[in-house]
Amino acid sequence: QVQLVESGGGLVQPGGSLRLSCAASESTFSFYAMGWYRQAPGKQRELVATITGPRSTDYADSVKGRFTVSRENAKNTVSLQMNSLKAEDTAVYLCNAIPNPFEGEQLWGQGTQVTVSS
């Protein structure tokens, strides 16, 4: 079973930046898609950003223009650069991977806390 491990979360002031990284325990070269979800207390898990193939990206409307998702298959990682952070971005951010869309399997990391507060 492939393991996903997130890093890079923490406390940041409004308007600041953070970069999250997710490292997979095995090669992600053939993975269909990778990305990030988040879950705030009392709220449903929501999609933040995904990258399908090497470059096709999709973002939640609330983060467009502020967040950038990227993947580096040579390092088996997917990253999320978060700029102009807002208090409403506070959540646990979870890494997600879909190795093969026809098999219905999704992989999840344990999550990393991002807190935006002054």
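A residue is called buried when its relative accessible area is under 20%, exposed when it is over 50%, and partly exposed in between. Keep that in mind as we walk through this structure, which is a predicted model.

## Charged partners

Let's start with Arg-66, which counts as buried because its relative accessible area is 10%, and the cut-off for buried is under 20%. Which residue forms a salt bridge with Arg-66? The partner is Asp-89, and the closest N and O atoms of the two are 2.8 Å apart.

How many salt bridges does the model have? The count comes to five. Three of them are set out here.

| Salt bridge | N to O distance |
|---|---|
| Arg-38 and Glu-46 | 2.7 Å |
| Arg-66 and Asp-89 | 2.8 Å |
| Lys-75 and Glu-72 | 4.0 Å |

In the pair of Arg-38 and Glu-46, Arg-38 is buried at a relative accessible area of 5%, whereas Glu-46 is partly exposed at 34%. Arg-38 and Glu-46 also belong to a network of salt bridges with Arg-66 and Asp-89. Lys-75 pairs with Glu-72. Lys-75 counts as exposed, since its relative accessibility is 56% and the cut-off for exposed is over 50%. Glu-72 counts as partly exposed at 39%.

## A charged residue without a salt bridge

Now turn to Glu-6, which lies in strand β1 (residues 4–7). Is Glu-6 buried or exposed? Glu-6 is buried, and it has no salt bridge. Arg-45 is the nearest side chain of opposite charge, at a distance of 8.6 Å. Why does that pair not count as a salt bridge? The nitrogen and the carboxyl oxygen would have to be within 4 Å, and Arg-45 is 8.6 Å away.

What does the side chain of Glu-6 reach instead? One answer is the backbone nitrogen of Cys-95, at 2.8 Å. Another is the backbone nitrogen of Gly-111, which lies 2.9 Å from a polar atom of the Glu-6 side chain. Beyond its neighbours up to four places away in sequence, Glu-6 touches several residues, including Ser-21, Cys-22, Trp-36, Tyr-93 and Gln-110.

## Two more residues to look up

Thr-77 is found in strand β8 and counts as buried at 17% relative accessibility. Among the residues that Thr-77 touches, leaving out those up to four places away in sequence, are Cys-22, Ala-23, Thr-28 and Glu-72.

Ser-17 is in the loop between β2 (10–12) and β3 (18–24). Ser-17 counts as partly exposed, with 41% relative accessibility. Which residue's side chain makes a polar contact with the side chain of Ser-17? It is Asn-83, at 2.9 Å. Met-82 is 65 residues from Ser-17 along the chain, yet their C-alpha atoms are separated by 5.4 Å. Setting aside neighbours within four places in sequence, the contacts of Ser-17 include Val-12, Gln-81, Met-82 and Leu-85.

Terms used
Residues numbered from 1 in each chain as written. Predicted model: local features only at pLDDT ≥ 70, side-chain atom pairs only at ≥ 80, totals over all residues. Heavy atoms only, no water. Helix = DSSP H or I, 4+ residues; strand = E, 2+ residues; numbered from the N terminus. Buried < 20%, exposed > 50% of the residue type's maximum accessible area, 1.4 Å probe, protein only. Lys, Arg positive; Asp, Glu negative; His and termini not counted. Polar contact = N/O pair within 3.5 Å; in protein donor to acceptor, adjacent residues only side chain to side chain. Contact = heavy atoms within 4.5 Å.
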